[in-house]
Structure formats: C-alpha cells, structure tokens
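Biologist: I'm new to this one and would like to learn how to read it. Could you walk me through it feature by feature?

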Amino acid sequence: MTEEPRSAEPRSPAAAVQLMNVGKTFDGVRVLRNLDFSVARGSVHALLGGNGSGKSTTLKILAGVYAADRGGTIAVHGRLHATDSYTASTARRSGLRFVHQDLGLVPDLTVSENFALEGGYPRLAGPAVSWRRLHRSTRQHLDRAHVDVDPRSLVRDLRPSDRTLVAIARALRDSDGGSHMTLVLDEPTASLPRHEAEILLEAIRGCQARGQTIVYVGHRLSEVLSIADRISVLRDGVLVADSPAADLDEAGIVTLMAGQTPATRGGEARRTAVGETVLKVDRLTAGPVRDVSLHVRQGEIVGVAGLLGSGRSTLLRAIFGQAGVEGGGIQVGGVPVAHRSAAAAMRCGIALVPEDRGADAAFPDLPLWENISATVIGRYWAGWRMARTTERRDSARLMRTFDVRAASPDVPFATLSGGNQQKAVLARWLRLDPRLLLLDEPTQGVDAMARADLHAAIREHVAKGNAALVVSSDFEELEALCHRVVVIRDGSCVAELAGAELTEAAVAGLTQIDRSKGPLT
Ligand SMILES: Nc1ncnc2c1ncn2[C@@H]1O[C@H](COP(=O)(O)OP(=O)(O)OP(=O)(O)O)[C@@H](O)[C@H]1O
Ligand SMILES: [Mg+2]
C-alpha cells in the first residue's frame with residue numbers, strides 16, 4: 001500500500017531514501033519523533049548522534065526489522081510506502097542493503113560459504129554442491145566490489161577490515177555494481193584501527209564513484225567528515241541538524257549532539273604520582289603471546305597497541321586467569337600468581353572489561369540494574385528482599401554517574417544502545433574498586449561526550465593508587481589516555497613509547513601492517 005506523505009515536505013525526486021514523519025515507540029517510550037530527512041542519490045549521508053539517540057533504530061526501521069509507528073512515510077527512489085506497510089522485503093526490493101555492526105558472518109565458514117548462506121549453493125546434478133562454481137561466483141562478487149580476498153579463506157582468518165569488506169561485497173552481491181543500490185552501514189569501523197579503517201573508507205568512496213548511495217553511522221567524527229557529503233544529527237530521537245558536511249566541524253557536531261558546548265571534560269593524561277609496581281609480567285608465553293614482559297605501577301595507565309590478532313586480548317585474559325599460561329610469570333603486588341579462574345583473579349583485586357560486551361560481559365535478558373550489580377551481589381546477600389531495593393537504588397545512582405541512558409533500571413540489558421551497554425559494563429567493574437583494571441577496547445562504539453567521561457573515570461580510579469592496562473585499536477585514544485604504551489607485534493613486545501614520543505602516528509608506525517604477510521588470526 002502506498003499513500004501520500006503527511007509531512008509538509010514535498011518528496012524529492014533526487015532522493016534515494018526519504019523519511020517523512022517517522023517515529024518509534026518501544027513499550028510506551030518514544031525513542032524517535034517526527035523524523036524527516038532525505039538522502040540524495042549518489043551521496044554519502046552520515047547519521048550521527050550520541051549513544052541511544054536513535055541511529056540504529058532508524059536504520060532498523062529502514063531495513064524493515066522494526067515497524068515504525070503508524071502515520072509516517074518512507075520513500076525509496078520516489079516510491080512512497082506508509083510505515084505500517086513497509087517490511088524487510090520492501091527494503092530489499094527497493095535496493096537497500098544493510099551491513100549491521102556484527103556483520104552477520106559465520107567465522108568458521110569460508111568466504112564462499114558465507115556468500116552461499118544468503119544466495120544458496122550452486123548444485124551439480126542431484127544434491128552435490130559445485131564448489132568450483134561457488135568459489136568462482138564468489139570471486140566475481142568480490143572482484144566487482146574490489147575486495148582482494150581468497151573465497152576459500154575462513155572468515156576467522158581474515159583481517160578485520162577485510163571481514164567488513166566481505167560483508168559489504170555480500171550485501172552488494174546482486175547489485176551488478178548498479179547505481180540503484182543504497183548501502184546502509186552501522187558503525188563499520190568501530191573495531192578497526194584507524195589505518196585499517198582507511199581501507200574501508202576508500203572502498204566506500206569506490207561505491208560512491210560507481211553511483212551508489214551510502215548511509216553511514218559512526219562515532220569517529222574525523223572519519224565521518226572525510227567521507228560524508230551531508231550530515232544529519234539526532235539528539236534524544238529528534239533531528240537537530242541536517243546540513244552539508246562542509247559546513248560542520250568536529251567541535252560543532254559534538255555541540256549539536258550534546259545540545260550544549262561541552263565543558264572540557266576528560267582532560268589530558270596528567271602526571272600522577274607513580275607508586276609501587278602493581279603488575280609485573282615476566283617473559284609471558286600464552287597462545288599467540290610470546291615472551292612478553294611489562295610492568296604497571298600504582299597511578300599508571302599503560303596501553304597495549306598492536307593489530308587485532310597480535311595477542312593483545314590474550315595477554316589481558318592470561319593476567320585474568322582465562323588463558324593457559326605456557327611460560328613465564330605474573331606477579332601482582334609483588335606476589336607470584338597463577339590464577340586458573342576469573343574468580344581467583346578478582347579475589348586478587350583484578351577486573352577485566354572484555355572486548356565483546358554482549359557475549360562475555362553481560363546477562364542480556366536480565367534488567368539493567370542487575371547487570372550493573374552482578375559482580376557485587378555478595379554485598380547484598382543478607383535480607384534479600386530489602387537488599388534488592390538497595391541494589392536497585394545504587395544501580396540507578398551509578399546510571400546517573402556514568403550517564404547510562406535507558407528508559408529505567410528495569411529494562412532488559414539487551415535493549416540498551418551499543419554505547420550505553422559499554423558504559424554500564426564499565427560502571428559495574430569500577431564499582432568493585434579493583435587495584436588492577438584490565439580494559440579491552442574501553443570506548444569502542446562510545447560517543448565523543450561519554451568517551452571523555454569514561455577516560456576521566458579511568459584516570460580518577462588510577463589516581464587513587466590503582467593501575468590500569470588498556471588495549472585499544474584507537475591509537476588516538478592510547479595517546480590521550482596512557483602514560484606509556486607497549487607495542488606488540490606477532491605476539492612480542494617490539495617497543496615502548498612514553499612522554500613526547502607517545503603519539504598516535506608513532507604507535508601506528510610501530511604496529512605496521514604488512515599486507516604481504518597474509519591473514520592474521
Ligand atoms: N528493542 C528495544 N526495546 C526497547 N528499547 C529499545 C530497543 N532498541 C532500542 N531501544 C531504545 O531506543 C533508544 C535508541 O537506541 P539506538 O540503539 O537506536 O541508539 P543509537 O543511536 O544506535 O546508540 P549507539 O550509538 O549507542 O549505538 C535507546 O534508548 C534504546 O534503549
Ligand atoms: Mg547503535
């Protein structure tokens with residue numbers, strides 16, 4: 001069913017996608033209001049906003065995953081659809097293709113098999129699969145999208161930027177490179193180091209050069225400004241700006257997202273008084289980690305840089321008792337430790353905020369307040385009924401302190417926006433007051449305002465005489481946050497940077513991507 005838009009805005013014939021009076025209410029809470037914006041054909045259009053402002057919800061409405069409230073209109077290439085009749089198949093038929101943040105690839109299958117998951121397997125006579133035809137057709141799709149990856153490789157073995165490129169090539173598989181396609185990307189560079197992100201941005205520019213339209217959501221404003229033609233900004237579900245990218249700069253965008261000129265938050269990595277050694281890692285070997293030595297003292301934030309697959313996360317997990325140690329030793333507070341479980345590591349005052357919040361760090365179906373309190377449950381044990389009230393009230397206070405945006409502490413954790421899940425998990429661990437805080441990608445997917453707040457919270461924690469070891473793909477973050485940075489390549493320490501030598505460019509130079517070396521694991 002189609003109908004005329006109720007919005008006063010006329011529909012624009014040059015628009016690939018146009019939203020008119022689109023809104024969304026979840027369980028009585030309105031998260032998007034009267035959204036009106038238009039994406040010009042052949043443009044790169046960025047949709048920006050703070051965590052929980054409604055970006056992913058907007059994209060899911062466009063994908064037909066969520067039905068918008070009645071009364072709005074979605075136009076694709078000039079064809080009007082009432083929101084209550086717009087479905088996933090409308091989106092697909094209209095040429096919209098989506099790459100969601102989790103990419104939707106199966107790591108243990110080959111690139112070809114991942115293509116076949118959506119497009120089906122070519123058959124020989126009978127049920128036998130023609131692998132040759134499958135690899136050949138996948139090769140053609142990859143070539144068309146200018147992706148240089150072997151269709152027979154396992155997705156797990158690909159470098160992260162290549163995984164994203166494969167997901168894009170798969171999304172565009174039936175597009176014959178045509179200009180009627182619109183590619184919609186939700187935070188495609190969130191887990192990529194900046195130099196890897198550049199490969200992806202170049203591929204997006206290539207799609208645009210072929211006449212395709214791109215809708216792009218991201219939190220890294222410098223990247224957004226380098227590819228976007230036009231920028232729309234959401235704040236609390238309301239469109240607050242829609243203008244050519246050339247008219248905006250990073251500071252202006254942050255002000256629009258926050259609704260005010262943000263006070264200088266976070267500040268620089270200040271010199272703090274450095275005390276006793278909290279962590280000493282001596283010639284540690286564990287999985288991909290080879291012979292790594294480092295130490296972290298009270299009052300210090302030490303960064304670990306390296307490409308994904310260089311062993312950074314394994315290093316943190318080994319210190320937290322979650323990865324088998326094959327050689328070398330770990331000391332905490334001068335005492336040798338050989339933790340075999342996270343519980344043992346926690347008793348020693350260590351906390352780990354893992355990279356994969358959804359899978360490793362949270363109980364998605366439990367209310368937010370229980371997720372914030374899960375690690376301190378023991379404190380509330382006595383008098384269960386009474387304790388739950390106290391616990392819920394404390395969690396509500398933590399939500400305010402860490403600016404975790406959710407309708408209430410009672411909503412399931414899974415309904416929080418990506419960045420708000422991140423803030424909630426960090427709040428929970430800081431609450432334990434660990435003397436050694438291990439952080440894996442602490443601000444991935446977090447908006448610019450909250451990022452500064454989280455940095456400030458980490459600094460404050462360390463200034464009290466604690467220590468932090470931080471893994472980040474974002475070298476700008478390492479420069480801003482850390483007192484020292486250890487660079488790991490192929491599982492071994494290759495350099496340490498501090499003081500004036502510690503710059504984003506120096507870290508990027510030392511991690512070095514060598515594309516001739518083949519896939520990383
Ligand atoms: N399935 C759901 N049920 C209830 N509320 C939801 C659901 N999905 C999203 N929300 C709420 O809608 C609001 C917007 O969320 P959305 O995921 O669109 O934010 P976002 O702009 O993508 O944020 P981020 O930058 O953190 O990814 C949030 O308050 C979120 O809690
Ligand atoms: Mg989102």
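Biologist: Which residue in E10 stands opposite Leu-234?

Modeller: Leu-239 does. Before we go on, this is a predicted model, where local features need pLDDT of at least 70 and side-chain atom pairs count only at pLDDT 80 or more, while totals for chains, interfaces and linings use all residues. Residues are numbered from 1 along each chain as its sequence is written, chains are lettered from A and ligands numbered from 1 in the order in which they are written, and side-chain values use heavy atoms, leaving out hydrogens and water.

Biologist: How many bridges join E9 to E10?

Modeller: Two strands pair if DSSP finds at least two bridges between them. Strands (E, at least two residues) and helices (H or I, at least four) are DSSP runs, numbered from the N terminus. Here strand E9 (residues 230-235) and strand E10 (residues 238-244) run antiparallel, joined by six bridges. Their hairpin has two residues between the strands, and Asp-236 takes a positive phi near 45° there.

Biologist: What is the strand order in the open sheet of four strands?

Modeller: The order is E2-E1-E4-E5, with antiparallel pairing. Strand E2 (29-40) and strand E5 (79-82) are at the edges with a single partner strand each, so one side of each has no neighbour in the sheet. From one strand to the next, the twist averages 20°; such angles run from 0 to 180 degrees between N-to-C directions, with axes fitted as lines to C-alpha atoms, for helices over the stretch in contact. Strand E1 (residues 15-26) pairs with E2 over eight bridges, and Leu-19 stands opposite Phe-37 in E2.

Biologist: Which helix lies across E1, E2 and E4?

Modeller: Contact means heavy atoms within 4.5 Å. Helix H1 (residues 55-62) lies across E1, E2 and strand E4 (73-76), running at about 115° to E1.

Biologist: And the six-strand sheet, what kind of pairing has that one?

Modeller: Mixed, in an open sheet ordered E16-E17-E18-E13-E19-E20. The edges are strand E16 (350-353) and strand E20 (492-498), each with a single partner strand, so one side of each lacks a neighbour in the sheet. Strand E13 (residues 301-305) runs parallel to strand E19 (residues 484-489), with four bridges, and Gly-303 has Val-485 as its bridge partner in E19. Helix H9 (residues 312-319) packs on this sheet, touching several strands including E13 and E16.

Biologist: How do the axes of H14 and H15 cross?

Modeller: Under 35 degrees counts as roughly parallel, over 145 as roughly antiparallel, 65 to 115 as roughly perpendicular, and the rest as oblique. Helix H14 (residues 418-431) and helix H15 (residues 448-463) have axes that come within 12 Å and cross at roughly 10°. That makes H14 roughly parallel to H15. Lys-423, Leu-426 and Leu-430 in H14 meet Ala-450, Leu-454, Ala-457 and His-461 in H15.

Biologist: Is Thr-138 buried or exposed?

Modeller: Buried means under 20% relative accessible area, exposed over 50%, and partly exposed in between (1.4 Å probe, protein chains only). Thr-138 has a relative accessible area of 1%, so Thr-138 is buried. Thr-138 sits in helix H4 (residues 131-144). Beyond neighbours within four places in sequence, Thr-138 contacts Val-111, Ser-112, Phe-115 and Pro-151.

Biologist: Last one: how many disulfides does a search of the whole structure find?

Modeller: A disulfide is a covalent bond between the sulfur atoms of two cysteines. The cut-off is a pair of cysteine sulfur atoms within 2.5 Å, and the search of the whole structure finds zero. Cys-207 is buried at 4% relative accessibility, and Cys-348 is buried at 18% relative accessible area.
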